[in-house]
Amino acid sequence: QVRLVESGGGLVQPGGSLRLSCVASGNIFRVNAMGWYRQAPGKERELVARISSDTSTNYSGSVKGRFTISRDNAKNTVYLQMNSLKPEDTAVYYCNADIMTYSGYTSTYWGQGTQVTVSS
């Protein structure tokens, strides 16, 4: 059993910052790529940022230069530092990870989501 748990969401004013965290736990042999997605009301879930096991990154064009993804492999944790937040960043943010368990199988796992609201 593998579990991803996000934290760090909340209400912030435009221009403010938040830092999201996501910890993977359970029957983990190796964590490969990790990422953050978001889903705003009435919209499809979209990629925000992704980081591979060798720490190469890619970002959505709408967040590039404002958001930074990083990871701590020793803690099986991925972070998303969000700066210069805009109202259009309001969404539920989901953590995602490709994880190999001790059974030898690799699957994609999702967290339960954390709400980020940018409003004055």
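**Entry 1: overall size**

I looked up the radius of gyration, taken over C-alpha atoms. A compact globule of 120 residues would have a value near 14 Å, and the protein chain has 14 Å, so the two agree. The globule rule is 2.2 Å times the number of residues to the power 0.38. Along its principal axes, the C-alpha trace spans about 50 × 25 × 25 Å.

I noted that this is a predicted model, where local features need pLDDT of at least 70 and side-chain atom pairs count only at pLDDT 80 or more, while totals for chains, interfaces and linings use all residues. Residues are numbered from 1 along each chain as its sequence is written, and side-chain values use heavy atoms, with hydrogens and water left out.

**Entry 2: strands**

How many helices and strands are there in the protein chain? I found zero helices and eleven strands. Helices (H or I, at least four residues) and strands (E, at least two) are DSSP runs, numbered from the N terminus. Among contacts (heavy atoms within 4.5 Å) between residues at least 6 apart in sequence, 56% join residues at least 24 apart.

**Entry 3: burial and core**

I checked burial next: 44% of the 120 residues count as buried. Buried means under 20% relative accessible area, exposed over 50%, and partly exposed in between (1.4 Å probe, protein chains only).

Then I turned to the largest nonpolar core, which has 29 residues. Such a core is a set of buried Ala, Val, Leu, Ile, Met, Phe, Trp, Tyr and Cys residues joined through side-chain atoms within 4.5 Å. Trp36, Leu80, Met82 and Tyr93 have the most contacts inside this core. Elements giving it two or more residues include strand E4 (28–39), strand E8 (77–82) and strand E9 (91–101). E9 supplies the largest share, five residues. In soluble globular proteins, nonpolar side chains tend to be buried together.

**Entry 4: Leu11**

Is Leu11 buried or exposed? Leu11 counts as exposed because its relative accessibility is 65%. I located Leu11 in strand E2 (residues 10–12). Leu11 and Val116 are 105 residues apart along the chain, yet their C-alpha atoms are separated by 6.2 Å. Leu11 touches Thr117 and Ser119, not counting residues up to four places away in sequence.
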